[in-house]
Amino acid sequence: MSMMMVGELVLAAPAILLSLLLTLVVSHFLPLLLNPRAPRGSFGWPLVGETLRFLTPHASNSLGSFLEDRCSRYGRVFKSHLFCTPAIVSCDQELNHFILQNEERLFQCSYPRPIHGILGKSSMLVVLGEDHKRLRNLALALVTSTKLKPSYLGDIEKIAMDIVGSWHGKARNITFCEEARKFAFSVIVKQVLGLSPEEPVTAMILEDFLTFMKGLISFPLRIPGTPYAKAVQARERISSTVKGIIEERRKAGSCKKDDFLNVLLSTNELSDEEKVSFVLDSLLGGYETTSLMISMVVYFLGQSAADLDLVKREHQGIRSTKGKEESLTSEDYKKMEYTQHVINEALRCGNIVKFVHRKALKDVRYKGYLIPSGWKVLPVFSAVHLNPSLHGNAQQFQPSRWEGPSQGTSKKFTPFGGGPRLCPGSELAKVEAAFFLHHLVLSFRWIIDGDDVPMAHPYVEFPRGLPIEIEPICSES
């Protein structure tokens with residue numbers, strides 16, 4: 001290359017950079033000009049938009065400064081620029097309900113591309129249309145078959161008793177989130193793969209699963225050594241392990257276990273890749289959400305002695321009608337009414353799922369708002385859960401607010417989403433939480449050790465893992 005050509009490139013560089021910058025600015029702000037009837041709002045800076053402010057960590061029982069500021073400025077429905085695309089953010093219960101109920105007609109699931117990379121293209125969380133319907137119908141069938149199993153409740157209770165029982169004679173301080181994860185993982189691995197906690201393969205799956213979870217909530221940079229890259233590798237290892245279990249099960253033939261996998265292998269509707277992905281989805285759904293729910297319940301009850309006493313009295317009443325070693329039944333679960341109120345209120349205050357990702361399939365007009373075709377749409381569940389006009393004293397933990405018929409199934413309460421993508425395993429998670437709580441409140445008292453608050457990143461976690469100080473309760477039976 002001649003010196004003259006190099007000189008020309010150097011001279012042209014500022015013009016090229018300016019052209020690129022102008023293109024970036026125009027492409028960022030052009031949707032504002034083309035859609036003047038969209039809700040009020042702001043787009044922030046080119047490229048990053050307002051994503052960093054939207055994702056700023058905050059206590060999960062609060063809206064966070066970004067949503068508070070935007071709602072006060074623009075109302076409960078506003079436009080923004082999030083996750084590299086124009087977006088409509090809804091903090092309105094009616095619009096949220098409308099979005100969830102019009103899945104695949106007006107709106108479509110639209111998670112960021114890195115999520116696809118880590119969950120896999122066959123994950124129920126990211127597939128669309130008929131593929132999602134097919135997988136969800138199978139999930140509902142599996143949940144139903146699990147509930148009907150004679151061993152279902154017994155397995156949950158045994159694992160709960162083993163976890164809680166292991167605390168006797170040990171240190172008074174425990175990191176509760178670790179214990180809740182141990183419990184939830186043991187239950188879901190038993191239900192899905194028929195594996196008991198003491199089997200070596202269970203420990204191997206758990207180790208890879210923890211790596212997978214860290215990457216799922218990390219910055220999506222696929223460079224060797226990063227949490228995201230490690231998670232992709234961990235998913236491949238889990239997939240390989242599950243494939244091995246499937247092959248062993250097929251070779252065994254008539255030796256069938258009473259679990260999800262057995263039902264899964266009997267269907268011809270899914271490819272092997274879809275079956276493996278389905279197992280991973282089941283592990284993910286049954287592990288993280290359930291363990292967080294139980295941790296939230298323990299956190300809020302640890303701050304409310306009156307509600308803890310009511311829960312304890314309820315479980316003492318149930319236990320008083322049973323023999324010392326007699327197992328809990330589905331009828332006992334139905335009697336855990338105040339426990340259900342506590343679980344619902346912990347979900348409302350804790351907001352395990354802050355929002356979900358959707359995309360408008362066409363221009364949608366709703367109550368004077370225009371939601372432009374192709375824009376991302378984010379229904380924010382936490383904004384509805386913490387709205388004082390819908391929930392009196394919204395910042396207060398008050399389980400009694402759920403007393404009365406159908407309180408837990410209204411538009412103003414969507415802890416597990418809604419519409420065709422409503423979590424199929426939500427009731428199973430509540431059963432696990434209730435049974436675990438039964439043995440916890442009858443065996444131990446606890447106080448929160450220090451000031452650990454659930455934080456939304458937007459995924460929710462306790463920064464210190466919820467350390468609690470426990471004290472055994474002498475048997476009163």
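**View 1. Asp 307 sits in helix H13, which spans residues 305-320.** Welcome to the first stop in this predicted model. Is Asp 307 buried or exposed? Its relative accessibility is 9%, and it counts as buried because the cut-off for that label is under 20%. The side chain of Asp 307 makes a polar contact with the side chain of Ser 304, at 2.6 Å.

**View 2. Here are the contacts of Asp 307 beyond its sequence neighbours.** Once residues within four places in sequence are set aside, Asp 307 is in contact with Leu 301, Tyr 338, Phe 397 and Pro 399. Pro 399 lies 92 residues from Asp 307 along the chain, yet their C-alpha atoms are 7.6 Å apart.

**View 3. The largest nonpolar core contains 60 residues.** Which residues have the most contacts inside this core? They are Trp 167, Phe 176, Phe 436 and Trp 446. At least two core residues come from each of helices H7 (152-165), H8 (176-193), H12 (272-301), H13, H15 (337-350) and H17 (426-443), and from each of strands S10 (444-448) and S13 (467-472). H17 gives the largest share, with 10 residues.

**View 4. Another core, of 40 residues, lies apart from the largest one.** Val 126, Leu 135, Leu 138 and Val 192 are among its residues.

Conventions. Residues are numbered from 1 along each chain as its sequence is written. This is a predicted model: local features need pLDDT of at least 70, side-chain atom pairs count only at pLDDT 80 or more; totals for chains, interfaces and linings use all residues. Side-chain values use heavy atoms; hydrogens and water are left out. Helices (H or I, at least four residues) and strands (E, at least two) are DSSP runs, numbered from the N terminus. Buried means under 20% relative accessible area, exposed over 50%, partly exposed in between (1.4 Å probe, protein chains only). Contact means heavy atoms within 4.5 Å. A polar contact is a pair of N or O atoms within 3.5 Å; within protein, one must be able to donate a hydrogen and the other to accept it, and residues adjacent in sequence count only if both atoms are side-chain atoms. A nonpolar core is a set of buried Ala, Val, Leu, Ile, Met, Phe, Trp, Tyr and Cys residues joined through side-chain atoms within 4.5 Å.
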